[in-house]
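Let me put the model up, and then I'll walk you through a few parts of it.

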Amino acid sequence: MISYKLQVLILTLSVAITSYSPAIYIKEKNPYPIDFSFFYPLHHQGKINTKELNECSGILCSQNNPGNYIWAINDGGDLPRIFLLNKKAELQCTYFLNGAKNHDWEELAGYLDSSTYTLWIGDLGTNTNKRTWVNLLTFTEPLYSFQKTDTLKNFTTYYVKYPDKIRNTEAFVIDQQTKELYFFSKEADSSVVFSISIQELQSNDSSTLHLLYKLPIPYVTGASLSADGLALLLKNYSDVYYFRLGKLRLKNMSDAQICRIDYTREPQGESISWAWGNQGFYTLSEQTSNFITPMLCYYKRNLPSPKTH
């Protein structure tokens, strides 16, 4: 059996020879240093055991289902469904959103409103630059009861548009404390950051995002904000960026302490999510070849030891 590292090497070489890939053409001169002190090296949790999840574009750790479950979605063109995995990357259940459409699903986020935890799907992709608006689907997180499939009938759709021009975006987060959504565009040389409050969202009309600032991070494909809003992870094809926000919040994150972590590149790796209790984070890649099975990866956080007296 071919090892996972050998699979990645073969795929990288084949892509380099035959086609363009942003993962290869990202500039090597990076303004942010690599810091090895915040997270431990990669640990493989397990291989995806279903061919249905073959183009994973977003993951999110479940909050309502005990036992370390992870939600995942496929990229555009797939059925309107969301997958529930265990922490070994084994498929547990597939939920179908009745009446929804997967234009270009790119990201998953969660939001706790009072006592209700909701999942948010970002239908944000505009690779063809033809969509003048993008949309968000939100619904109460399902409780898993060991069924193989289920149908979700109740969800809300919100429509948003950019204030300047059509942009391709694959990453967004929700700040629980400020009740705001933040979007990170995917561009060749940077990421433009936009925001909107939950109160501004409309289900019967499109709301306009607010332009904030630009980050010198190209090809952003995934984002995850810690539950306390103090730490942000941004991902592209080659790196994971760790933002220590502190009290700055996301509106001022351009002034945050930023570094890259010791991340092992994946074949077309786009997804990222903080683990439960912010103890680390998970990543998951697409299936870019028939002989490479996507692997759920985990990076444990190197937390300081409790002080002793």
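**The pocket, a strand and the core**

So, the largest pocket holds about 390 Å³ of space. That's a predicted model, mind you: local features need pLDDT of at least 70, side-chain atom pairs count only at pLDDT 80 or more, and totals for chains, interfaces and linings use all residues. Numbering runs from 1 along each chain as its sequence is written, and side-chain values use heavy atoms, with hydrogens and water left out.

By pocket I mean, on a 1 Å grid over the protein atoms alone, an open set of points where a 1.4 Å probe fits, with protein on both sides within 12 Å along at least five of seven lines; lining residues have an atom within 4 Å of a point. Here 25 residues line it, and Leu60, Gln63, Tyr117, Leu225 and Ala227 lie nearest the centre. Strand E6 (105-113) gives the most, four residues. The lining splits into 17 nonpolar, eight polar and no charged.

E2 also supplies at least two lining residues. Six of its six residues, 56-61, are buried, so E2 is largely enclosed by the rest of the structure; buried is under 20% relative accessible area with a 1.4 Å probe, protein chains only. E2 runs antiparallel to E3 (residues 69-74), joined by five bridges, and cysteine 56 sits opposite asparagine 74.

Last, the largest nonpolar core: of its 21 residues, Phe184, Leu232, Leu234, Phe243 and Met253 touch the most other members. Strands supplying at least two residues each include E11 (169-175) and E17 (231-235). Core members are buried Ala, Val, Leu, Ile, Met, Phe, Trp, Tyr and Cys joined through side-chain atoms within 4.5 Å.

Methods
Buried < 20%, exposed > 50% of the residue type's maximum accessible area, 1.4 Å probe, protein only. Pairing = 2+ DSSP bridges. Points joined across faces, edges and corners; volume = space filled by probe spheres on them. Nonpolar A, V, L, I, M, F, W, Y, C, P; charged D, E, K, R; others polar.
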